[in-house]
Amino acid sequence: MQALISKLQGQFPTLRFKAGQQFSWSPDSGEIIYIDGASGKRATWSLLHETGHALLKHQTYRADVELLRLEVDAWERARRLASDLGTEIDEDHIQNCLDTYRDWLDKRSICPTCTTKCLQQGDFIHYRCFNCRSVWKVTANRFGRAYRSTKLAPSKIPAI
Ligand SMILES: [Zn+2]
Ligand SMILES: [Zn+2]
């Protein structure tokens with residue numbers, strides 16, 4: 001992990017890395033959070049993915065539909081980083097991550113009252129059901145961990 005961070009740091013001196021609980025990108029602090037001591041392929045891929053978000057300067061507070069686009073872009077950037085480092089990211093892994101993410105977005109958009117799939121409101125925090133008119137709140141989008149405030153088990157929340 002440290003060797004990879006040093007390489008990335010050398011290539012992109014403005015990037016800032018900080019040890020934390022999970023791999024994530026924090027647009028607010030401008031830091032890439034990594035798990036200290038993590039090793040193996042998946043950890044490497046996660047770090048490259050979050051670095052992708054950082055290099056593309058992704059911001060918070062986007063509509064859910066737009067977030068998926070940003071996830072795809074971050075993986076695209078991560079692929080190029082990997083190839084610069086003489087390695088590659090498993091394509092199945094990328095597709096799995098995106099699928100998990102799609103499912104998660106899908107669940108956020110389903111009405112907790114009548115299970116109709118709905119569209120997000122303009123403030124990016126509320127959904128309103130066009131069928132039964134329920135309104136529900138989801139957490140603001142962040143490139144870390146965000147989740148619907150009700151009815152979603154923590155185990156189903158993907159790290160994004
Ligand atoms: Zn409803
Ligand atoms: Zn991501």
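Visitor: Does Lys57 count as buried or exposed?
Guide: Count the other C-beta atoms, placed from the backbone, within 10 Å of the residue's own: 20 or more means buried, 12 or fewer exposed, and in between partly exposed. Lys57 has 9 such neighbours inside 10 Å. Therefore Lys57 counts as exposed.

Visitor: What is the mean pLDDT of the protein chain?
Guide: This is a predicted model, where local features need pLDDT of at least 70, side-chain atom pairs count only at 80 or more, and totals for chains, interfaces and linings use all residues. Residues are numbered from 1 along each chain as its sequence is written, while chains are lettered from A and ligands numbered from 1 in the order in which they are written. pLDDT is the predictor's confidence in each residue, from 0 to 100. In the protein chain, 86% of residues reach 70 or more, and the mean is 87.

Visitor: What pattern does the protein chain follow along the sequence?
Guide: Helices (H or I, at least four residues) and strands (E, at least two) are DSSP runs, numbered from the N terminus. The protein chain has four helices and five strands. Read along the sequence, they give α-β-β-β-α-α-α-β-β.

Visitor: Where is Lys57, and what is its phi?
Guide: Lys57 sits in the loop between helix H2 (41-55) and H3. Most residues other than glycine have a negative phi. Lys57 is not a glycine, yet its phi is positive, about 55 degrees.

Visitor: What phi does Thr115 have?
Guide: Thr115 lies in the loop between H4 and strand S4 (126-128). Thr115 is exposed, because 11 other C-beta atoms lie within 10 Å. Although Thr115 is not a glycine, its phi is positive, at about 60 degrees.

Visitor: How do H3 and H4 run relative to each other?
Guide: Axes are lines fitted to C-alpha atoms, for helices over the stretch in contact, and angles run from 0 to 180 degrees between N-to-C directions. The axes of H3 (residues 64-84) and H4 (residues 91-108) come within 10 Å and cross at roughly 170 degrees. Under 35 degrees counts as roughly parallel, over 145 as roughly antiparallel, 65 to 115 as roughly perpendicular, and the rest as oblique. H3 and H4 are therefore roughly antiparallel.

Visitor: How many charged residues are in the contact of H3 with H4?
Guide: Residues in H3, including Leu67 and Trp75, meet residues in H4, including Leu98 and Tyr101. Ala, Val, Leu, Ile, Met, Phe, Trp, Tyr, Cys and Pro count as nonpolar, Asp, Glu, Lys and Arg as charged, and the others, Gly among them, as polar. The contact has eight nonpolar residues, no polar ones, and charged residues numbering four.

Visitor: In what order do three strands form an open sheet?
Guide: Two strands pair if DSSP finds at least two bridges between them. S2 and S3 (residues 31-34) pair in the antiparallel sense over three bridges. The pairing in the sheet is mixed, and the order is S1-S3-S2.

Visitor: Which residues does Ala19 touch, not counting those up to four places away in sequence?
Guide: Ala19 is in strand S1. Ala19 and Asp36 are 17 residues apart in sequence, but 5.4 Å apart in space, C-alpha to C-alpha. The residues touched are Tyr34 and Asp36.

Definitions and conventions
Contact = placed C-beta atoms within 7 Å.
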